[in-house]
Amino acid sequence: MTRPPDLRQVIHTLSDALDLVGVDDVGHGKRVGLMAAECGRAAGLGTEEIARLFDLGMLHDIGVSSTQTRHNLLTTFSSPDVQAHCDIGSGLLSGFPPLASLAPGVKRHHTPWVQLVKEREDPTVAWQANLVFLVDRVDSMAIPHLNEGNTLLPTAELRERIRQRSGLDFNPELVALFLEASRSDAFWFALEPGHGQALLEELRDHRLTYGATLDDLRRLAELFARIVDAKSPFTAEHSLGVAGLASLLAEKLELGETSRAKLEIAGLLHDVGKLRVPNHILDKPGELDAAEREIINTHSFETFQLLRHLHGLEDIAVWAAHHHEEPGGGGYPFQVDASTLPLEARILRIADIFQAMVQDRPYHRGLDKAQAFAFMADLAARGLAEARIVDQLAASPDEAMAAARAGLQRVGN
């Protein structure tokens, strides 16, 4: 890797994946981050503190991968299972050192102010988490109007609803701060699509450049793989298994260490575009109809759109986005001849197919070893899978089965 990618850019770009969970609304996290940052600016905080609030707001829903959960959170003021996604998100961030300091705020971002006071939460965590809770609820109330394309939000009504919860759900100091910051029309105009981009860029520019190592990127990719795999019981641990098997195949095919490490990252991220697929389609136990299949088939393109702008990771974007392309051009979404793609992309395709065949799903058990390798041999015989890669897979059947089913046990070894 000639130029290490900036970890901050990777984090911000991959955070776009979180917005995909909204399906129709794709800006919730960024709007919460922008509003939190503006309130921080109104409070006279320094640049780094403001940027931290932006990051916390942007990633506050990192524990949400289900479209139904997202819908519940954005259409009710207090969903009964609201704490579950806070705990999940906190756990994910805790395992990634560059973002671990955000975990306490994510864990508490739906905790009412009176409860934070009663439980004597750390004052800094309480202040930041409660601010994110406040602006998160503002955005949830504004979303119906934003989705209707209204240029003028009912700001007086939104501000009054927040004021009424002062001292209960929200810190009175933060309510006063929000009411002051949101007096201007500009505060609300920035929530409209496109208008907040300049401020987003400004906040990103304030972050210190941090050259990401491959290990940093793998850990971050693993975090997002867990989000994708948690979206549905049908996808649980799939990305981890694909990454483990792709790494094994790369080793057997004698790829260099860097290529193997990057292929592992591509395996972890290959299905990140599935976050935009509605759960009622992803979880359907029966055969998909033509319209549903078309929606499913968009996920590889969404993956490409998310990863393509990551400087230094362009090859990973190509490998991940082309994992459903077939020899002869019969795959999707680009309909290119898979035989013309880099070896890493072709390996990822085989790993994806094999892992899906051997993984237990809620509606059927995975194929056993004999069935799985017979299936892959048939694909190779029909020209739908590259025989050289299938042969390497079959040469170590026990190891391949273990990698596909164990997933993370191989990742990072």
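These legends accompany close-up views of a predicted model of one chain.

Residues are numbered from 1 along each chain as its sequence is written. In this predicted model, local features need pLDDT of at least 70 and side-chain atom pairs count only at pLDDT 80 or more, while totals for chains, interfaces and linings use all residues; side-chain values use heavy atoms, with hydrogens and water left out.

View 1. The chain has 23 helices and zero strands. These are DSSP runs, numbered from the N terminus: H or I over at least four residues for helices, E over at least two for strands. Of the 413 residues, 54% count as buried. Buried means under 20% relative accessible area, exposed over 50%, and partly exposed in between (1.4 Å probe, protein chains only). Contact means heavy atoms within 4.5 Å. Among contacts between residues at least 6 apart in sequence, 72% join residues at least 24 apart. Confidence is lowest in helix H12 (residues 197-205), at a mean of 64, and highest in helix H6 (residues 103-107), at 98. Over residues 408-413 the pLDDT is below 50; beyond near neighbours in sequence, this stretch has 18 contacts in the model.

**View 2. Helix H2 packs with helix H3.** H2 spans residues 28-42 and H3 residues 47-59; their axes lie 7 Å apart at an angle of about 155 degrees. The pair is therefore roughly antiparallel. Axes are lines fitted to C-alpha atoms, for helices over the stretch in contact, and angles run from 0 to 180 degrees between N-to-C directions. Under 35 degrees counts as roughly parallel, over 145 as roughly antiparallel, 65 to 115 as roughly perpendicular, and the rest as oblique. From H2, the contact includes Gly29, Val32, Leu34 and Gly40; from H3, it includes Ile50, Phe54 and Met58. The contact residues divide into eight nonpolar, four polar and two charged. Ala, Val, Leu, Ile, Met, Phe, Trp, Tyr, Cys and Pro count as nonpolar, Asp, Glu, Lys and Arg as charged, and the others, Gly among them, as polar.

**View 3. Helix H20 packs with helix H21.** H20 covers residues 343-358 and H21 residues 369-381. Their axes are 10 Å apart, at an angle of about 145 degrees. Ile350, Ile353, Phe354, Met357 and Val358 of H20 meet Ala372, Phe373, Phe375, Met376 and Leu379 of H21. This contact has ten nonpolar, no polar and no charged residues.

**View 4. A cis peptide bond joins Tyr332 and Pro333.** Omega is about 5 degrees. Most peptide bonds are trans. Pro333 sits in the loop between helix H19 (314-321) and H20. Asn297 touches both Tyr332 and Pro333. Asn297 lies in the loop between helix H17 (290-296) and helix H18 (299-307), and is buried at 18% relative accessibility. Gln335, in the loop between H19 and H20, has a positive phi near 55 degrees. Gln335 is partly exposed, at 47%.

**View 5. Arg120 has a positive phi.** The value is near 55 degrees. Most residues other than glycine have a negative phi. Arg120 lies in the loop between helix H7 (113-118) and helix H8 (123-147). At 76% relative accessibility, Arg120 is exposed.

Conventions:
pLDDT = per-residue confidence, 0-100. Lists of a residue's contacts leave out its neighbours within four places in sequence.
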